[in-house]
Amino acid sequence: MATQDIIQRSGTSQATPPAQARVGGVKQIAKLFDATKCNGCKACQVACSEWNDLREEVGSFQGTYQNPASLSPECWTLMKYNEIEDQGKLRWQFTHSACMHCADPACLKACSTSGAIIQHANGTVDFDSDKCIGCGYCASACPFDIPKISAVDNKAYKCTMCSDRLAVGLEPSCVKSCTTGALRFGTREDMLFSAEKRVNELKERGFPKAGLYNPEGVGGTGMLMVLHDVTQPETYEMPKDPQIPLSVTLWQDWVKPLGTVGLLATAAVACLHKITVGRNIVEEDQPGYQPPEEEVKQEEEAKK
Amino acid sequence: MSKHNKQEMVVRHKLFDRICHWFIVAVGLVTFLTGFSFFYPSFQWLGAIAGTPQLAKFIHPIAGLMMCLPLMLMLVRYYHHNKWEKHDLAWMLAIKDVMFENEEKIPPIGHYNPGQKVLFRAFVLTSITLTVTGFIMWQPYFAPYFSATVVGWAIVLHAISALIMLMFVMVHFWMATWVEGSITGMLYGKVSKAWCRKHHPLMLDEHSDVEKH
């Protein structure tokens, strides 16, 4: 993907932001996942591993169709089979689980390395594996638990929104392969319009709590979700009110500036003190020196 | 005439402690420089002492342990000199005179002054929190055993502890270079009796076990 369209860059001072010329000029994109249309066929999951050349090791059966159990460095898109018991009946609620591509990404804010996490002008959040040092700050900061650190190469991995496909005008591979039309891709504006239409349709068809999952706490997401009951996103294993964690805000916005001031102030006081007060030298004992007590003793003896 | 014709020297730091101290300085330098490269991404070059950013990440926790464990050992060995004593309060209240070297107004003090005792406690606390939080956030070996929330708070605490430790290290360095004779004391172990009388007068009375050389 082109490096000319980076609008946010991890570990970069606000005084020297990356190129902002394309902000607003390039249309924001979004992936729309309509959970009410998904039948859990896993085509998206397979297409993701095909396109990105990922092969998670074959695991063991855990009593669920969900496999592997969670996202991993070798699994960037996972079909989640949430089992819901409703009026004595079991029902699946499928979640197309992948990076949400937040407008205000916690991973990018927490990252320890300049430019290892970037946001493109179209809104996608991407990792630069070559720069990644594997500190894991992104993995603990993400409110959606998306980035995973590889035990093989100690680097963080997650869905790229197929940024390589997007760069040449293609849609993400998961969207391309969706069998039911549950996944759609387009400009954010178009996706929001379609989602609103779909939500209204669902409300008319007897799902009064249907709604769009586009959490404000992270500035909105590049993956939008239509849920049959948006008041209970937990039943889709999505957090109710995802935010950049307090620990990350405290650390980046408070500890860093205050700590820096503290260090510089300590150094400044030390330098000033040394210059103003001067050296603290001991007058060493001269040859023939005797402690005062002994001198007194000797004088007394002499008098006797 | 006196039989003394050269400075009388007193052992202040034993060989083992001196080796410990300078080992901690060496690995501590690597630890802090690499740590800075993650804390200040724009100054990633500070970690270049480790080679590459990836190596800095790999080396930092190992160097950190190599700094903290001997530090804890040293703190255990120096504990008996660092207990609070009655006369410490008077010294603390006269801190202004200490800093401006109004020598005649400084209350006498023992082997360590209360400022050094505060430093001792700061190193005890920060070396423990740095080790514990360091293990919790250590990717890819230990962090996966903790929840993201716990790791997130460990990262903040680690940064705060490191900042506090560094501020105390700076004060330690400042005092050591100001009070001349301290660094040779830590390098070669001995300080002169005149130095003791000036900076730690009660050290000579209190510690009859001080070896004479």
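Chain A splits into domain 1 (6–243) and domain 2 (245–279). This is a predicted model, so keep that in mind throughout. The C-alpha centres of domain 1 of chain A and domain 2 of chain A sit 39 Å apart.

**Where the chains meet**

Let's start with the interface. On the chain A side, 44 residues are in contact with 43 residues of chain B. Two elements of chain A, α3 (137–141) and α7, each give two or more residues to the side that touches chain B. Of these, α7(A) supplies the largest share, with 14 residues.

That helix, α7 (residues 246–277) of chain A, packs with helix α6 (residues 148–178) of chain B at an angle of about 0°, and their axes are 10 Å apart. Angles under 35 degrees count as roughly parallel, and α7(A) and α6(B) are therefore roughly parallel to each other.

| Contact | Nonpolar | Polar | Charged |
|---|---|---|---|
| α7(A) with α6(B) | 19 residues | 5 residues | 1 residue |

In soluble globular proteins, nonpolar side chains tend to be buried together. Here the largest nonpolar core has 98 residues, and those touching the most other members are A:Ala106, A:Cys107, A:Ile117, A:Cys138 and B:Ala159. The element giving the most to this core is α6(B), with 11 residues. Domain 1 (6–243) and domain 2 (245–279) of chain A each put in at least three residues.

Take A:Ile117 as a close-up. Leaving out residues up to four places away in sequence, A:Ile117 touches A:Ser10, A:Cys107, A:Leu108, A:Cys111, A:Val125, A:Phe127 and A:Cys138.

Now for A:Asp241, which lies in the loop between β11 (223–227) and α7 of chain A. Is A:Asp241 buried or exposed? With 12 or fewer other C-beta atoms within 10 Å a residue counts as exposed, and A:Asp241 has 10, so A:Asp241 is exposed. Setting aside neighbours within four places in sequence, A:Asp241 is in contact with A:Pro215 and A:Gly217. A:Arg91 is 150 residues away from A:Asp241 along the chain, and their C-alpha atoms are separated by 24 Å.

Terms used. Residues are numbered from 1 along each chain as its sequence is written. Chains are lettered from A and ligands numbered from 1 in the order in which they are written. This is a predicted model: local features need pLDDT of at least 70, side-chain atom pairs count only at pLDDT 80 or more; totals for chains, interfaces and linings use all residues. Domain bounds come from an automatic or database domain assignment. Axes are lines fitted to C-alpha atoms, for helices over the stretch in contact, and angles run from 0 to 180 degrees between N-to-C directions. Helices (H or I, at least four residues) and strands (E, at least two) are DSSP runs, numbered from the N terminus. Angles under 35 degrees count as roughly parallel, over 145 as roughly antiparallel, 65 to 115 as roughly perpendicular and the rest as oblique. Ala, Val, Leu, Ile, Met, Phe, Trp, Tyr, Cys and Pro count as nonpolar, Asp, Glu, Lys and Arg as charged, and the others, Gly among them, as polar. Two residues are in contact if their C-beta atoms, placed from the backbone, lie within 7 Å. A nonpolar core is a set of buried Ala, Val, Leu, Ile, Met, Phe, Trp, Tyr and Cys residues joined through C-beta atoms within 7 Å. A residue is buried if 20 or more other C-beta atoms lie within 10 Å of its own, exposed if 12 or fewer, and partly exposed in between; C-beta atoms are placed from the backbone.
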